[in-house]
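Here's a quick look at one chain, from its overall build down to a single residue.

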Amino acid sequence: MTLTFAPKNDRFLRALTRQSVDCTPIWLMRQAGRYLPEYRELRAEAGSFMALASNPELACEVTIQPTRRFDLDAAILFSDILTVPDAMGAGLYFAEGEGPKFHHPVRSEADVRTLPIPDVEETLGYVTEAIKRIRIELADRIPLIGFCGSPWTVATYMVEGGSSKNYAIIKKMMFQSPDVLHALLAKLTETTVAYLDAQVRAGAQALMIFDTWGSALSGPSYREFSLRYMAELVDRVNRNSDHYVPLVLFTKGGGGWLEDMAATGCDALGCDWTVSLGDAKRRVGDRVALQGNLDPGALYGTPESVRASARAVLEDFGDGHGHVFNLGHGIHPTIDPANVEALVNEVHAASAR
């Protein structure tokens with residue numbers, strides 16, 4: 001594996017590939033978002049979430065905002081996992097107070113058959129344009145992470161028509177018409193491979209697959225309907241040896257399947273706060289790096305308690321290479337930015353010691 005380290009601060013990329021670093025790198029899931037007053041101001045001016053996400057100039061600004069405030073070791077593209085089904089014609093929209101919804105849910109074999117596999121450069125060109133702008137704005141200070149949703153997680157939204165508590169519609173499809181669900185997942189995988197490749201060509205220097213709802217499945221169903229398609233993404237995304245792009249796989253609530261996830265060939269596993277990093281390291285050995293895993297709720301504490309929580313996570317991981325500090329899931333929107341600053345600074349200082 002050959003890594004081309006373009007950024008001046010490359011410790012995030014080095015940690016993902018289990019190389020030595022001067023201190024533990026840190027970035028935060030949803031680090032660009034509602035907890036920042038500058039984001040809320042820009043969101044109000046834009047008028048809607050999609051107006052932000054689909055405007056390359058605004059998406060660039062939102063991506064950069066947290067890197068101006070905090071000494072973060074990576075930026076992550078401001079976008080959404082549901083841009084892929086939107087590009088496939090599902091009609092994404094955001095209902096006030098209800099989250100994402102689709103005008104055209106996918107409920108039948110005919111629905112799946114008529115779903116197009118889009119030209120991502122044409123339909124999602126606003127994302128790749130944002131990546132190019134972000135790379136220019138970052139000026140190689142820190143690397144940029146691109147991302148996607150796992151085919152299973154994206155399919156849950158498409159079939160349910162939005163968010164769900166019990167996944168009744170997609171599980172009915174899974175048990176009554178598994179071939180239909182597999183056909184949908186195959187189309188989503190095909191589109192997502194092209195989408196991730198486009199992100200890499202545009203300048204993404206690492207990739208992350210978010211499998212937010214994998215934990216809604218039993219072990220056998222997870223392997224058949226979620227992990228199988230993520231493994232295909234890992235295998236097919238073009239991360240050539242001349243410019244290798246590390247890939248992080250994250251299943252929220254997936255602590256029971258870490259060995260299976262590591263076997264996909266990914267470079268790192270994201271762990272939520274229900275997993276002991278020390279135990280995870282013993283289970284997967286040196287096959288992959290680990291990312292995580294502070295409980296996002298810890299940021300509701302005081303600066304002193306936040307620093308103590310950071311040290312506890314570092315101590316749980318222990319000695320050795322291959323740790324990227326992160327939250328176990330996205331940062332909550334009512335967190336005080338001062339606590340984020342305390343966290344970032346403590347991770348760097350304590351791990352350097």
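How much accessible surface does the chain have, and what share of it belongs to carbon and sulfur atoms? It comes to about 13900 Å², with 47% belonging to those atoms; areas are from the Shrake-Rupley method with a 1.4 Å probe, and for residues only the protein chains shown count as cover.

Keep in mind that this is a predicted model, where local features need pLDDT of at least 70 and side-chain atom pairs count only at pLDDT 80 or more, while totals for chains, interfaces and linings use all residues. Residues are numbered from 1 along each chain as its sequence is written, and side-chain values use heavy atoms, leaving out hydrogens and water.

## Overall build

The chain has 16 helices and 9 strands, taken as DSSP runs numbered from the N terminus (helices H or I, at least four residues; strands E, at least two). Its C-alpha atoms fill a box of roughly 60 × 45 × 40 Å along the principal axes.

Of the 353 residues, 58% count as buried (under 20% relative accessible area; exposed is over 50%, partly exposed in between, with a 1.4 Å probe and protein chains only). Among contacts (heavy atoms within 4.5 Å) with a separation of 6 or more, 72% join residues 24 or more positions apart.

## Zooming in on Ser79

Ser79 sits in the loop between strand E1 (75–76) and helix H5 (83–87). Why does Ser79 count as buried? Because its relative accessibility is 9%. Leaving aside residues up to four places away in sequence, Ser79 touches Phe49, Val127, Phe147 and Tyr195.
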